[in-house]
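Look at the sequence and the model below. This report covers a disulfide and a strand.

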Amino acid sequence: MALAERGRRRALSTVVAISALLLSTPAATATGSLHTDTQLAPGVTYRSFEMSTAHGPVVAYLITADLRVPSVELGLLHPGAVAARDEIPDMANAQGAIAGVNGDFFHISESHEGIEATGSAVGPEIADGADRKAAVPDGQRFGPALPAGTSTEDVFGVGVDRRARVSSVELDGMLRSRGRTAEISGLNQYALPEGGIGVFNADWGRVSRARAVCGTDTDRTAPCSEQTEEVVVSNGVVTSTQDRPGAGDIPAGTVVLVGREGGAAELEKLDVGDRVVVETHLSAADAPPLDFAVGGFPILRGGKPLSGLDTEELAPRTAAGVSADGRTAYLLTVDGRSAASTGLSVLETAELLRSAGAVDGMNLDGGGSSTIAAREPGQDLATVRNVPSDGVPRPVANGVGVFSR
């Protein structure tokens, strides 16, 4: 039997167990044991459960957030700087979240000599309506292969209308100086498009910006560009220029422009003292604007798993889903790589999200990054509830937080 067909049948067998389990009550679990739901706050519930699947036992955790409740909000968990990492419970507690899961894939390792991994996320970040970063080119990402029709610009988020959705965001940016204009194609991201110009601001942090000019749009291991330029603009005026990207904190009111190839040639036209206008904005593919967004890749659309999802690799998983009306959000984490829990394939993760009630869903970072934390009523801090496959929570670039305001 072909691997794809065997994986599909195994997934279907798992789905039967998933559906029976999620539709059952705590006292009726023919396919496993289901722990009683815990209400973390009005409109927010936490559930842990076990399933018997075709490939062994699976332990999973689900947070359900009812956005119809005015006090319930979703938001971006982050360590402050874009180029930084922290553990999910630490970020949740620092920001006052009652629960959270890990978010996007991130720049976890680096093969270019002398270049450090930035720890920054692959996809866009929007926090409290403010744009923090844009997406790297598809070929520069980390994580499993993207399903057809998806990209690094895809996000899970919540609009200003308080409806959750799986969408995509595109960077609109422009540089203007002395009657000339140039397109901005990057915002606080570890990899710029070939020939592009990127903007780095105070949100980036102090990590070197050198990685931004390495690799290509299709190969993140390709050599770093030799045609680069960096320009510092403070309060709208060019204060310095240099050939190579630098490092260090960027003060408020200052932006650093980094260009490669054609973008570097455009920046070389700027001189110290020139007045410069830099504009960037992340635009959602559908209205209204997003108040919060985190990257990943879609696995569920219109109640159906995307075609071509992996059916073979069993691993810890984290995913986020939304109901048909966008009023309910689902945050899922699955343990894996142990005798107690084998993990799920990407297709099985999509099916589990659907069985929970999601119509659209996003796969987030998995493996050792998969973490779920929650704070029960009467507790002071959110704590890790799953069993991270590394043995301890992994510091990650961002996460999805659930707040009760």
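What is the torsion about the S-S bond of Cys-214 and Cys-224, and is the disulfide right-handed or left-handed? The torsion is about 90°, so the disulfide is right-handed. Cys-214 lies in the loop between strand S12 (197–200) and strand S13 (228–234), and Cys-224 in the loop between S12 and S13, so the pair ties together parts that are 10 residues apart in sequence.

This is a predicted model: local features need pLDDT of at least 70, side-chain atom pairs count only at pLDDT 80 or more, and totals for chains, interfaces and linings use all residues. Residues are numbered from 1 along each chain as its sequence is written, and side-chain values use heavy atoms, without hydrogens and water.

A disulfide here is a pair of cysteine sulfur atoms within 2.5 Å. The S to S distance between Cys-214 and Cys-224 is 1.9 Å. A search of the whole structure finds one disulfide.

| Residue | Relative accessibility | Class |
|---|---|---|
| Cys-214 | 1% | buried |
| Cys-224 | 22% | partly exposed |

Now the strand. Strands are DSSP runs (E, at least two residues), numbered from the N terminus. In a regular strand, side chains alternate between the two faces of the sheet. Both faces of S5 (residues 99–102) are covered. Ala-99 and Val-101 on one side are buried, and so are Gly-100 and Asn-102 on the other.

Two strands pair if DSSP finds at least two bridges between them. S5 runs antiparallel to S23 (residues 372–374), with three bridges. There, Val-101 has Ile-372 as its bridge partner. S5 also runs antiparallel to S25 (residues 399–404), with four bridges. Gly-100 is partnered by Gly-401 in S25.

Definitions and conventions: Buried means under 20% relative accessible area, exposed over 50%, partly exposed in between (1.4 Å probe, protein chains only).
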